[in-house]
Amino acid sequence: MLDSYHTELLDATEIGSAVDYLKTGHVVSFPTETVYGLGAPIFSEAVIKKIFDVKGRPSDNPLIAHISNIEQVHDIAIDIPEDFYLLAEAFFPGPLTVILPKHPNVPLLASAGLPTIGVRMPEHPVALELIKQLGEPIVAPSANISGRPSSTSYQHVLDDFQGRIAAVLISPPSSIGLESTVVSIIGEEPVVLRPGKITAEEISLVLKKKVRLASYDEVHQGPILSPGMKYRHYAPKASVRLFFSLSELERYLQKEPALYRLLLCNEKVAESSSLEIAPLSSNGLYAALRHADDLAVAEVLALCDRSIQKQHDLMNRLLKASQG
Ligand code: TXA
Ligand code: MG
């Protein structure tokens, strides 16, 4: 049975109330610069379990630990390689999650049974203050029902969890809008498991070594490096189709012009009454996919022009949505 709540909206002056909820066994949503998170204290197994239940998250999908100061890493990870400190120096606080060997004190539920833990220091001041006031790291997945687009505003969180979680810390929409880069530095060669705003090239420059991008097969078939990546993600109810040139898109539109569609596109296209048009951008993608659900369009079309194609993180999410 899921708990039922009158979900409270808290502003940045009410972080203390959010801390009280976390300390008394409740899940709280909080803003980060990437997407909103659904948080639990890392050493509270019962609250962590509530995250899995309320999201409908498969139990083999590990959570990311959010820290507010670098010292906290010693409470949750062991055998920390020198590369971690180089990455932390360059990119913390910010949109990077680093996979490290897990400290035995961290409940296995948090890491979904893995001997490793993802560590990230968010840049958002509300997230940092929440972790600081709680006095321990917060594990948090993105604040969306499993399989739905991540939440980039508190309204998205309410759409998915109103009445199901104790509170949401409200803030303006997430500035980045796509989840953090996930990099594993456990093996010999660092591997990017999930692309994000911080690129493999940037990581490579800091570590002064080659950084590999995990292949599709590694992520989607065994041995599974990053369990979460194999699940259907970021998908609206309508099917998503990608186009790589305007002419290809225009030809497609002519085929069934009456079909109700949402087009995500940064170029000028002929308007029609059956076509809703919105810009395509990293920080607008998830809101647009959720909007597609609200409109109940039959299809979402996205024009991936040259500049979009260069954005590896955005293309990764678009491809995943289109494979739904
Ligand atoms: O930007 C973000 O990272 C957001 C905000 C809230 O911080 N969080 C987020 O969490 O995106 P989530 O749970 O939606 O995605 C976590 C991803 C999943 O693909 C998961 O498999 C991977 O990180 N991951 C977490 N711990 C891991 C581990 N120990 N080994 C490999 N992959 C891991
Ligand atoms: Mg997620």
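Please keep in mind throughout that the model is predicted.

Begin by selecting residues 45-55, which form helix α2. Colour V47, I48, I51, F52, V54 and K55, and you will have marked residues of this helix that are buried.

Next, select helix α9, residues 246-255, and highlight L249, Y252 and L253, which are buried. Because these residues cover an arc of only 100 degrees around the axis, they lie on the same side of α9. An α-helix has 3.6 residues a turn, so residues three or four places apart point the same way. If you now show β12 (239-243), β13 (261-264), β14 (275-278) and β15 (299-303), you will find the strands against which the buried residues of α9 pack. Turn to the other side of α9, where R251, Q254 and K255 are exposed.

Finally, select helix α10 (residues 285-295) together with helix α12 (residues 312-322), which pack at an angle of about 20 degrees with their axes 11 Å apart. The two helices, α10 and α12, are therefore roughly parallel to each other, and their crossing is right-handed. Which residues make the contact between α10 and α12? On α10 they are L285, Y286 and L289, while on α12 they are L314, R317, L318 and A321. Sorted by kind, the residues of this contact comprise six nonpolar, no polar and one charged.

Notes:
Residues are numbered from 1 along each chain as its sequence is written. Chains are lettered from A and ligands numbered from 1 in the order in which they are written. This is a predicted model: local features need pLDDT of at least 70, side-chain atom pairs count only at pLDDT 80 or more; totals for chains, interfaces and linings use all residues. Side-chain values use heavy atoms; hydrogens and water are left out. Axes are lines fitted to C-alpha atoms, for helices over the stretch in contact, and angles run from 0 to 180 degrees between N-to-C directions. Helices (H or I, at least four residues) and strands (E, at least two) are DSSP runs, numbered from the N terminus. Angles under 35 degrees count as roughly parallel, over 145 as roughly antiparallel, 65 to 115 as roughly perpendicular and the rest as oblique. A crossing is left-handed if the near helix is turned anticlockwise from the far one by less than a right angle, and right-handed if clockwise. Contact means heavy atoms within 4.5 Å. Ala, Val, Leu, Ile, Met, Phe, Trp, Tyr, Cys and Pro count as nonpolar, Asp, Glu, Lys and Arg as charged, and the others, Gly among them, as polar. Buried means under 20% relative accessible area, exposed over 50%, partly exposed in between (1.4 Å probe, protein chains only). The arc is that of the directions from the helix axis to the C-beta atoms.
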